[in-house]
Amino acid sequence: MRVLGVDPGLTRCGVGVVDGVAGRPLTMLGVGVVRTPADDQIGPRLVLIEQGIEAWIEEYRPDMVAVERVFSQHNVRTVMGTAQASAVAMLCASRRGIPVALHTPSEVKAAVTGSGRADKAQVGAMVTRLLRLSAPPKPADAADALALAICHIWRAPAQNRLQQAVAAHHATHAPKGRPA
């Protein structure tokens, strides 16, 4: 499975592509940051993010796009920009028929480090180790994007089994006379 991880942000939108399957060594195919000028208007910045993500999708052709789920932050302006960048990433993937998965920051940290409260340095160190890199990707947004991709690769099989079990349960326990 090839996953494009996206750590959304208006100024720095981290992107990283990881190839692999759960239980086997993973391979980083690319990592970077889509940047926009902080003093530009929102519209042109979103266009730059779209163009950057489209270029990554075109080059790496991921099977899946994993995006960090936007969570409540104290700074409303920051959360709005993050949500807008997140929506652009989801739109780019959906436009091409690529499935999108959302993962919370604590879910990603727990998957990669074993602790949902890990700091950026711990996440970067584990990403470096898991992908057998010589140094942690910089800036942290790039390492976070790789962590999202790793999280999805590792969690997708369990999530798929859970969804299948729920669907099977509903099919066998549907009220009589009504379709499942």
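Guide: Arginine 132 is exposed, with a relative accessible area of 51%, where exposed means over 50% relative accessible area, buried under 20% and partly exposed in between, computed with a 1.4 Å probe on protein chains only. This is a predicted model, in which local features need pLDDT of at least 70 and side-chain atom pairs count only at pLDDT 80 or more, while totals for chains, interfaces and linings use all residues. Residues are numbered from 1 along each chain as its sequence is written, and side-chain values use heavy atoms, with hydrogens and water left out.

Arginine 132 lies in the loop between α4 and α5, the helices being DSSP runs of H or I with at least four residues, numbered from the N terminus. Its phi is near 55°, a positive value in a residue other than glycine. Most residues other than glycine have a negative phi, and most peptide bonds are trans. The loop between α4 (120-130) and α5 (140-172) also holds proline 139, which is joined to lysine 138 by a cis peptide bond with omega about -10°.

Within helix α5 itself one finds aspartate 144, which counts as buried at 10% relative accessibility. The side chain of aspartate 144 makes a polar contact with that of lysine 120 at 2.4 Å, a polar contact being a pair of N or O atoms within 3.5 Å, of which, within protein, one must be able to donate a hydrogen and the other to accept it, and residues adjacent in sequence count only if both atoms are side-chain atoms.

Technical notes. Helices (H or I, at least four residues) and strands (E, at least two) are DSSP runs, numbered from the N terminus.
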